[in-house]
Amino acid sequence: MIMGTGLAVSDVPAPAKLDVLARADRTARSPGASLGWLGLALLLGAFVRFWHITDHSLFLDEAFTLRIAALPIHRMLHEIAYGDFHPPTFYLATHYLIRLLHWQSWDYRYLSAPFGLLTILATWAMGRRISGPRAAAIAALVVALEPALVEWDRLYRMYSVLVALVAVSWWLLLIACDGRTKNRALAWAAYGCAALALPSVQYLGAVALLCQFGYALMAARSRWPVFICCAGALGALSPWFWAVKIQFPNGGYVAKAGPIFFAWWQVAPSTLAEAAPVRWVLSPEFAPVFTVVVVAVLIAAMWIARRTILPFWLLAVVVQIAASLLTGKTLAIPRYLYPVVPAFGLAVGILTAKFMDKKSIAAAFALPAAVLALCLICLQNTLLDPYYQFSDWYAINGVVLAHERKSDVMIFDQGFPSLVVGDYTAFRHHRMAGPSSAPQVAGALAWLDRYGHRRVWYIENQWFYADPSKRIMAHLNATRPTVGIWSESRASVADLVNVILYGPMRRPWGRRRVVKRSSTVGTASYRPLRLHSLARTATIGSWGETGPGPSPRYAGDR
């Protein structure tokens, strides 16, 4: 024991760690300025997260969450096990919130957005303990304005909760492992609660626990409660293991469908520079240069804070990349890495504080200024420019409402957007169908043929998951004339929506199935959507009437 501190020798392995504690002592003597920066970060974070938060239509995942959570418990658990790839805790909480609150669907965002503020607070507190008030202020500002965190905090989904839980668990672990903490038992109990919740909210929470397990191994005699908490988290999830066995074979393939592909050099910019200007993204130098700079910042900060939690927090990136390589799943896509983004904010803060200590004023100004400027550029795209936002289903409703007839039917390719628009004015009185997986496409084609005498609205969004060969569009082009086309252009292919109105079938319909040409399915002579192009067009969102020809023209398509 070190006399007068209550710290075991194993807890203070080198003078560098004593320097961390000395910083914390200096911080405690000047709380006013430090709290002022925290207040500013929370104010900015609250503004960008709550500003017009309910104005936009539901994101597909939000609609799925609210629909499945509204089911009776037994049906909900069945749907999660067989139709989703997440644990049930978030859905269960939503189920009881729906029964209690009876809010409009978009208002539930008010419940998830505050978790972003909790993330800011936890990041600031860790920066203050590890490297002092300067690092804490920079880290809090980066997390408050980080565009990807802001975008997903504004959605009602479990990722904002996961990011906050990961940050809070590291914060509580830091407190519990600090020998100066007056009530360490309470700190360990609070950490245990966070640890128990992590994998039950989102399976990737287990990665954070694995990294915390590794951190505990470095001083096992004083950090042994971590082992108990990790075992407890596994035990808490064990009643759900039967469903994990069902979910695992098909989970983790979100980035391996059609034009959605995974590229290692895109991991850093896609995670930290969400909604970066398209002209940057299209530049061949952007991704590699951005990645090199980010890796350099992280390595430098990890070296400076090598005796702290930071290297172990960032270890999650390595774990998820390794798991991707071993399992063939894509576990390093941006939203799976968001729990590590606050650690990047910490790294920027720690490195900036080091520059200031070394009197490197230019570097101390340039690094946070560049990071915050990038955040602001991307953030204004996220909040203000529809081109960089999720699909606007209100606009889709307006287009259909202006041209629909009572007898029209709707086909969605894929089917999940029907969860969003099903009760919209243009859709609620029409028959609708749409495949959610490839085996359902044949049934969708048969459904279309049963309504050969009616007009068909074809609404296309994320078709590459359920209909990668575009069989539904090929079938419609081969059997029906095109009446009108509308396209909602977006920077991301996942947010692009194309709407085509088809007339009745050209040939008689009846009991015999019409036009089943297996040799031409997916290769019919029409001009396909140019989904790989990110360039804007001058006719975004225009509606065009066409003649009866079989090959549609796309206004404003990509």
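Arg428 and Asp423 form a salt bridge (a side-chain nitrogen of Lys or Arg within 4 Å of a carboxyl oxygen of Asp or Glu), with their closest N and O atoms 3.7 Å apart. Arg428 is partly exposed, at a relative accessible area of 40%, whereas Asp423 is exposed, at 57%; buried denotes under 20% relative accessible area, exposed over 50%, and partly exposed the range in between (1.4 Å probe, protein chains only). The model is predicted: local features require pLDDT of at least 70 and side-chain atom pairs pLDDT 80 or more, while totals for chains, interfaces and linings use all residues. Residues are numbered from 1 along each chain as its sequence is written, and side-chain values use heavy atoms, with hydrogens and water left out.

The structure holds 10 salt bridges. One of them joins the side chains of Asp153 and Arg49 (2.7 Å, N to O). Because Asp153 lies in helix 9 (residues 147-153) and Arg49 in helix 2 (residues 31-50), this pair ties together parts 104 residues apart in sequence; helices are DSSP runs (H or I, at least four residues), numbered from the N terminus. Both Asp153 and Arg49 are buried.

A further salt bridge connects the side chains of Asp178 and Arg180 (2.9 Å, N to O). Asp178 counts as buried, at 10% relative accessibility, and Arg180 as partly exposed, at 37%. Together with Arg129, Asp178 and Arg180 are linked in a network of salt bridges.

How values were computed
Helices (H or I, at least four residues) and strands (E, at least two) are DSSP runs, numbered from the N terminus.
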